[in-house]
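Thanks for making the time.

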Amino acid sequence: MAFFPPNSQLMNCESNKKLQPIINFSSKEDNEEISDNNLHENCYIVGIKEYITTRNLHLSKVISREKRAAVLICLFQGLEGEIRVILTKRSMKLSTHPGEVALPGGKMDEEDLDDSVTALREAKEEIGLKSSLVQVITNLEPFISLHLLTVVPVVGLLSRIEEFKPLLNADEVDAIFDVPLDIFLKEENHRRVEKEWGRWKYVCHIFEYESSKKGVYQIGGLTASILIHAASIIYQTTPSFSECLPDFSQLQFTLNMN
């Protein structure tokens, strides 16, 4: 639900301009020589990771495992070179948010060393994604769920998408699909719904995505907010629509101190 706005220095999104991400999916084995552009992109990833890690340090120390969860933003390169993200449709058997679209993820276990381990473990349990196929880049700033869980988005690259053989856990997931990441920066197929949480007012973003094989999906709530934020960072641009979402960082800090 909560959204942390991207860097104020980011430029506005231009609908007629092709968005250029700051990451690539080339491995060292694929490229014997690293070009200046790739070197710049890789250095930029490191810079973003250091920046986010520094900002998250104080929150990481006060958030208990019982109130912590992680989701995996698993990115891969599509057939046309676009960046796509893997999403799931939650099982109708679940007691919370049945049938809703979500990122793979869940609550942190006692044996999990960090948020990346949590996100990768949950992805393996839910959709059969082997952690060895995913290169974790960084963790993004945490969000707060409606159940007051601190949710940490973990960004990972799936360079060898052809090696991923989905195996769905029927108790948790009804379907798996993927969408272009840049749709979360565009007004097309996007709408806003004003809501309230206690005395806090916020806007819930909802994106409609039609899959040629699996029908129409509604992507909203916390998942939409996380992906707007991730897309803003990766494409280094702001959404073409107004976000109008509050910064819940102070509320989060207060809740964890009480």
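The protein chain has 4 helices and 13 strands. Keep in mind that this is a predicted model. The chain runs to 258 residues, and 48% of them count as buried. Its accessible surface comes to about 14,000 Å², with 50% of that belonging to carbon and sulfur atoms. As for contacts with a separation of 6 or more, 68% are made by residues 24 or more positions apart.

Now to the sheet. Three elements are involved: it is an open sheet of 3 strands, ordered β10-β11-β12, and the pairing is antiparallel. Which strands stand at the edges? Those are β10 and β12, the latter covering 215–220. Each has a single partner strand, so one side of each is left without a neighbour in the sheet. On average, neighbouring strands here are turned by 25° against each other, direction ignored.

Strand β10 spans residues 190–197 and strand β11 spans residues 200–211. How many bridges join them? There are 8, and the two strands run antiparallel. V193 has C204 in β11 as its bridge partner. W197, in turn, is partnered with W200 of β11. Between the strands of this hairpin there are 2 residues.

In general, most residues other than glycine have a negative phi. Which residues go against that here? One is N189, which is not a glycine and yet has a positive phi of about 60°. N189 sits in the loop between β9, residues 173–180, and β10. Its relative accessible area is 47%, which makes N189 partly exposed.

The other one I want to show is Q236. Its phi is also positive, about 55°, and again the residue is not a glycine. Where is it placed? Q236 lies in the loop between α3, residues 221–235, and β13, residues 237–238. Is Q236 buried or partly exposed? With a relative accessible area of 24%, Q236 is partly exposed; the cut-off for buried is under 20%.

To recap, the sheet is β10-β11-β12 with antiparallel pairing, and the positive phi values I showed for residues other than glycine belong to N189 and Q236. I will stop there.

Key
Residues numbered from 1 in each chain as written. Predicted model: local features only at pLDDT ≥ 70, side-chain atom pairs only at ≥ 80, totals over all residues. Heavy atoms only, no water. Pairing = 2+ DSSP bridges. Buried < 20%, exposed > 50% of the residue type's maximum accessible area, 1.4 Å probe, protein only. Contact = heavy atoms within 4.5 Å. Areas by Shrake-Rupley, 256 points an atom, 1.4 Å probe, with all protein chains shown as cover. Axes fitted to C-alpha atoms, helices over the stretch in contact; angles between N-to-C directions.
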